[in-house]
Amino acid sequence: MANIISFLVLLILGYVFGQWAERRHFKFIQHRERLLKNILCFNVKTLPSYDTAPDVELVVGNVVISIDYFKRIAAGLNNIFGGRVSSYESLVERARREAILRMKLNAKERGASMIFNVKLETASIYKGNGQQVGSVEVYAYGTALIDNH
């Protein structure tokens, strides 16, 4: 009986604090997206034509976000019944947006206004004997066009 109560308490705590942390992170992401909206990102490989060769630099952004207890339980249930794992979808969205923001910040620090050939790499980080997903990593990178004012 104590095991069931412990499980339910952890499940409820995981849900409440996980939702709170996720909402808080999304608000912080939205705020920073508004601040960095003037740095444009393109997935095209070629730069615009210029009379002289522009200055370019590689810019990167990386983030690792841990999966909360509730998402792990919900994903386990989806493994049994099948279907979309919506509990992970918001986790991956946050990681993707955060990595892009960090890449944009890296570009801003170098004086860039545009990033070309933007690419995203994702990986899941496993832990435990059951090879459960512990965290999600997203690495964003691109070629920043440096402004020469």
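## Aromatic pairs and the nonpolar core

Phe 42 is partly exposed, with a relative accessible area of 31%. Here buried means under 20% relative accessible area, exposed over 50%, and partly exposed in between (1.4 Å probe, protein chains only).

This is a predicted model: local features need pLDDT of at least 70, side-chain atom pairs count only at pLDDT 80 or more, and totals for chains, interfaces and linings use all residues. Residues are numbered from 1 along each chain as its sequence is written, and side-chain values use heavy atoms, with hydrogens and water left out.

The pLDDT is the predictor's confidence in each residue, from 0 to 100. The protein averages 85, and 84% of the residues score at least 70. Confidence is lowest in helix H2 (residues 69-81), at a mean of 67. Strand E1 (residues 40-41) has the highest, at 94.

The protein has 3 helices and 4 strands. Their order from the N terminus is α-β-β-α-α-β-β. Helices (H or I, at least four residues) and strands (E, at least two) are DSSP runs, numbered from the N terminus. Of the 149 residues, 32% are buried.

The whole structure holds 2 aromatic pairs. Rings of Phe, Tyr and Trp (its six-membered ring) pair if their centres lie within 6.5 Å; planes under 30 degrees apart count as stacked, over 60 as edge-to-face and the rest as tilted.

| Pair | Centres apart | Angle of planes | Class |
|---|---|---|---|
| Phe 42 and Phe 116 | 5.0 Å | 20° | stacked |
| Tyr 139 and Tyr 141 | 5.7 Å | 40° | tilted |

The Phe pair links distant parts of the chain, 74 residues apart. Phe 42 sits in the loop between E1 and E2, and Phe 116 in strand E3. Phe 116 is buried, at 5% relative accessible area. Tyr 139 is partly exposed at 31%, and Tyr 141 is partly exposed at 25%.

Now the core. A nonpolar core is a set of buried Ala, Val, Leu, Ile, Met, Phe, Trp, Tyr and Cys residues joined through side-chain atoms within 4.5 Å. The largest has 21 residues, of which Ala 107 and Ile 115 touch the most other members. Two or more residues each come from strand E2 (55-66), helix H3 (86-109), strand E3 (112-127) and strand E4 (132-146). H3 gives the most, with 6 residues.

Contact means heavy atoms within 4.5 Å. Leaving out residues up to four places away in sequence, Ile 115 touches residues including Phe 42, Val 59, Met 103, Ala 107 and Ala 144.
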